[in-house]
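This report goes through a single protein chain by region, with the cut-offs behind each term.

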Amino acid sequence: MTNQQNVVVLDVISRGVSNVLPRSSLPVPKSFSPQDLKMLLMKRLEAENGGAKISAWVDSMRASSPTRIKSSTTASLPETDDTSSWIVHHPSALSMFEQIVAASKGKQIVMFLDYDGTLSPIVEDPDQAFMPKEMRATVRDVARYFPTAIVTGRCRDKVYSFVKLAGLYYAGSHGMDIKGPSKSCKYKKGNQGVLFQAASEFLPMIDEVYKDLVEKTKSIPGTKVENNKFCVSVHFRCVDEKSWAALAEQVRSVLNHYPKLKLTQGRKVLEIRPTIKWDKGRALEFLLESLGYANSTNVLPVYIGDDRSDEDAFKVLRERGQGFGILVSKLPKETNASYSLQEPSEVKEFLKRLVDWKKMSQRAAKCA
């Protein structure tokens, strides 16, 4: 207890519970001891703290899930002073393409790509987040010229079933489950399939939490609970906003029983993850090391993502002073990314231009 709580408990003991707790509080026995009073007060404090936590969660849910601007071929960021200032600091990766590739001179570009909202559009049903065929063909071309990794909060097997490309690295569950290309790849170093799992001991606990959350949230229409192997995602994209507090309360009631797990948030998703020090930024560093670029100055990592969890990777790149983060967003938001793109269609255009640039560079080198 804090000193303040100690003072309140002592005050209750000296003055009597009726003078401190309101009539609507827990019923007080006719005869009670200081221990009884302390327990009553702690229960009330716990309830108040729980309510404050739920309120904070709901506020954060709103902040991380802004109203989306409907996609169109001509859509653009709304013109405001704040937007103009944001664009100055995070210019379009398409308009800055020449500067980006110029920075790669004499270096190996390594591509890191988020999945949902980056390679596929955000959809109401996460099981239907299929990658468009043209995007798949573009990513396949990118992987022919650059080491390429998909880094996602999704289960690694699930995202592989969406992407269906064997020549990529896959980092699922926010980088806690990593596997290298399943076929021959010129970028693999030594005897590496790069199979790494940062939190295997948490698997039974994650399964328990998944089952508990499915049961606890089934009464809230629109809730989708997804087992992503090393983390559990509670999607509320189809949940009425009036029910967000009730959903957060159910998630909290489960999480309270698992102190080794923590809650993080993304775009209309609550995620329960192990409390280990591992995230997409750590996964990026691990993959660079696996590729032989741990302390190399001859590499230019480029990470493209749209979610709050991608900020861990953007931050790593900024701290390394090496490579670029590209945020996919139609709305200005605080970010460690250097550049921006508005939607998956722009991501596809950027990747296509990158492939075309590489082809031209190789042809020029042969003719030199």
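## Helix α2 and the model

Ala56 sits in helix α2 (residues 34-63); helices (H or I, at least four residues) and strands (E, at least two) are DSSP runs, numbered from the N terminus. Its relative accessible area of 41% makes Ala56 partly exposed, where buried means under 20% relative accessible area, exposed over 50%, and partly exposed in between (1.4 Å probe, protein chains only). Ala56 and Ala248 are separated by 192 residues in sequence, while their C-alpha atoms are 9.8 Å apart in space.

The model is predicted: local features need pLDDT of at least 70, side-chain atom pairs count only at pLDDT 80 or more, and totals for chains, interfaces and linings use all residues. Residues are numbered from 1 along each chain as its sequence is written, and side-chain values use heavy atoms, with hydrogens and water left out.

## Overall composition

The protein chain has 11 helices and 12 strands. It comprises 368 residues, of which 48% count as buried. Contact means heavy atoms within 4.5 Å; among contacts in the protein chain between residues at least 6 apart in sequence, 62% join residues at least 24 apart.

## Aromatic pairs

A pair of aromatic rings is described by the distance of the centres and the angle of the planes. Rings of Phe, Tyr and Trp (its six-membered ring) pair if their centres lie within 6.5 Å; planes under 30 degrees apart count as stacked, over 60 as edge-to-face and the rest as tilted. The structure contains 11 aromatic pairs. In one of them, Tyr160 and Tyr170, the ring centres are 5.1 Å apart and the planes are at 70°, so the pair is edge-to-face. Because Tyr160 belongs to helix α6 (residues 156-163) and Tyr170 to strand β3 (residues 169-172), the pair ties together parts that are 10 residues apart in sequence.

Tyr160 is partly exposed at 34% relative accessible area, whereas Tyr170 is buried at 4%. Elsewhere, ring pairs join Phe112, Tyr303 and Phe314 into a cluster.

## Arg154

Arg154 is located in the loop between β2 (148-151) and α6, and is buried, with a relative accessible area of 4%. A polar contact is a pair of N or O atoms within 3.5 Å; within protein, one must be able to donate a hydrogen and the other to accept it, and residues adjacent in sequence count only if both atoms are side-chain atoms. The side chains of Arg154 and Glu226 form such a contact at 3.0 Å. The Arg154 side chain also reaches the backbone oxygen of Pro126, at 2.6 Å.

Not counting residues up to four places away in sequence, the residues touched by Arg154 include Asp116, Ala129, Val159, Phe162 and Asn228.

## Helix α11

Helix α11 (residues 344-367) has 24 residues, which at 1.5 Å a residue should span 34 Å; its end C-alpha atoms are 35 Å apart, which agrees. The expected span is 1.5 Å times one less than the number of residues.

The buried residues of α11 are Pro344, Glu346, Val347, Phe350, Leu351, Leu354 and Val355. They pack against α4 (97-102), β1 (108-113), α5 (133-145), β10 (299-305), β11 (324-328) and β12 (339-341).

Leu261 lies in strand β8 (residues 261-266) and is buried at 6% relative accessible area. Leaving aside neighbours within four places in sequence, Leu261 is in contact with residues including Phe202, Met205, Ile206, Val209 and Leu255.

Most residues other than glycine have a negative phi, and most peptide bonds are trans. Lys268, in the loop between β8 and β9 (269-274), has a positive phi near 55°. Lys229, in the loop between β6 (224-227) and β7 (232-235), has a positive phi near 70°. Lys268 is partly exposed at 22% relative accessibility, and Lys229 is partly exposed at 26%.

## Cysteines

With a disulfide defined as a pair of cysteine sulfur atoms within 2.5 Å, the count is zero. The closest cysteine sulfur to that of Cys231 belongs to Cys155, 8.7 Å away and too far for a bond. Cys231 is buried at 0% relative accessible area, whereas Cys367 is exposed at 70%.
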